[in-house]
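Here is a short briefing on how one protein chain packs its residues. Look at the model first, then read on.

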Amino acid sequence: MFHVSHPSRIYKNWLYAVLRWLYAKFTPNQIEIELKEKDYITFLEDLSDRYYFGHYGNGDDFFDLINQEEFARPNYQSREEMPTSLQDMLKSGTAIPNFIFNRLDYLLWQKEPKNFRFTFRSSVEHFYPQTPPEKNERLPNDILHCLGNLCLISQSHNSRFTNNMPKAKLANFGHIEHNSLKLEVMMKEADTWGIESIEKHHDEMVKVLNKQ
């Protein structure tokens, strides 16, 4: 999840955090013997929370977050309790960071484990198109550009997504192995995808992100 969210070889703050944790917790000889998979996953899940709630939610610096010994995860009970900056980011269209979509896929997989693989999906796309074909209405911007109407796909599939309506996108993408889990959820409602579906999906995905 972290690797595909931050593919640059230069800015791998998450990897620095992992190495720092290992260095503080183990000697080189201890790692192979004492490092447990469960402990490593717990550390990475905590790091994911720090990125989402701390950096994207509060605007905290990555290194400040990494250096904190303890991190208190907020318990947002409603969308209104979330920082305005975080609410706005989740409605910022293609500017929503790839990490948000990959975190969602991980949390969705946790809820319902299945055959899934993280790949370098780097194109944030609208499920209901920005410029729909004739005789189809254009959605209001706050609906069109919210997380509920967006998904992450690979650059190689980008040309087939374009301005097709959701039913056509289901026909083109429904058979592809290892789709984004979020996209799979959206495709189940492709026949009726519209304002009501988008708002419902947006609220559901925000709850997943917030671990509600």
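This is a predicted model: local features need pLDDT of at least 70, side-chain atom pairs count only at pLDDT 80 or more; totals for chains, interfaces and linings use all residues.

Residues are numbered from 1 along each chain as its sequence is written, and side-chain values use heavy atoms, leaving out hydrogens and water.

**Nonpolar cores**
- A nonpolar core is a set of buried Ala, Val, Leu, Ile, Met, Phe, Trp, Tyr and Cys residues joined through side-chain atoms within 4.5 Å.
- Buried means under 20% relative accessible area, exposed over 50%, and partly exposed in between (1.4 Å probe, protein chains only).
- The largest nonpolar core has 41 residues, and L47, Y52, L90, F99, I100 and L147 touch the most other members.
- Elements giving two or more residues to this core include helix 4 (37–58), helix 7 (98–111) and strand 2 (150–153).
- Helices (H or I, at least four residues) and strands (E, at least two) are DSSP runs, numbered from the N terminus.
- Helix 7 gives the largest share of this core, 7 residues.
- Another core, of 18 residues, lies apart from it; Y128 and F161 are among its members.

**Helix 10**
- P166, K169 and F173 are the buried residues of helix 10 (residues 166–173).
- They fall within an arc of 55° seen down the helix axis, so they line one face of helix 10.
- The arc is that of the directions from the helix axis to the C-beta atoms.
- Exposed K167 and A171 sit on the face of helix 10 turned away from its buried side.

**D49**
- D49 lies in helix 4.
- D49 counts as buried, because its relative accessibility is 6%.
- Leaving out residues up to four places away in sequence, D49 touches G54, F71, R73, R103 and K211; contact means heavy atoms within 4.5 Å.
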